[in-house]
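Hello,

Here is the structure I promised to pass on. My notes follow below it.

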Amino acid sequence: MAVPTTQNLTIMRGDTESLVINMDDGSGAINIAGRTYRAQIRQTKDSTIIAASFTCVVTDAAAGQVTCTLSAATTAGLTPGIYYWDFEETNAGVVSTILAGSVNVLADVTR
């Protein structure tokens, strides 16, 4: 069982936020054709309530590239503060958490 890589995020409430993730095994890109990805934000790691869900799309399978996006409407619904997130891959029915960390949601001024 692998331990996820820590990746802390800082986002601005009310902004569209995109995160490009490049899957690499240390010697080059991993072809991720046929794999799916999802990522969520919660107020606590054990919370049953999802604060926000990213839309994750494989943008270049051969290059191992996934883009995860939060819409401006989604981030506008977050209260500034510290949250937690992770990023999971499903490959042939096997679910693996690749990244995990905290999310610092900053207050916006222009609304």
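A word on terms to begin with: contact here means heavy atoms within 4.5 Å. Please keep in mind that this is a predicted model, in which local features need pLDDT of at least 70 and side-chain atom pairs count only at pLDDT 80 or more, while totals for chains, interfaces and linings use all residues. Residues are numbered from 1 along each chain as its sequence is written, and side-chain values use heavy atoms, with hydrogens and water left out.

I started with Thr67, which sits in strand β7 (residues 65-70); strands are DSSP runs of E, at least two residues, numbered from the N terminus. Leaving aside neighbours within four places in sequence, Thr67 is in contact with Ser18, Leu19, Val20, Thr55, Cys56, Val57 and Thr59. Its relative accessibility is 17%, so Thr67 counts as buried (under 20% relative accessible area, with a 1.4 Å probe and protein chains only). The Thr67 side chain also makes a polar contact with the side chain of Thr59, at 3.3 Å (a pair of N or O atoms within 3.5 Å, where one must be able to donate a hydrogen and the other to accept it; residues adjacent in sequence count only if both atoms are side-chain atoms).

Now the sheet around it. An open sheet of 3 strands runs in the order β3-β7-β6, with antiparallel pairing (two strands pair if DSSP finds at least two bridges between them). β3 (17-22) and β6 (55-60) are at the edges with a single partner strand each, so one side of each has no neighbour in the sheet. Between β6 and β7 there are 5 bridges, and Asp60 stands opposite Gln65 in β7.

Best wishes

Key:
Helices (H or I, at least four residues) and strands (E, at least two) are DSSP runs, numbered from the N terminus. Buried means under 20% relative accessible area, exposed over 50%, partly exposed in between (1.4 Å probe, protein chains only).
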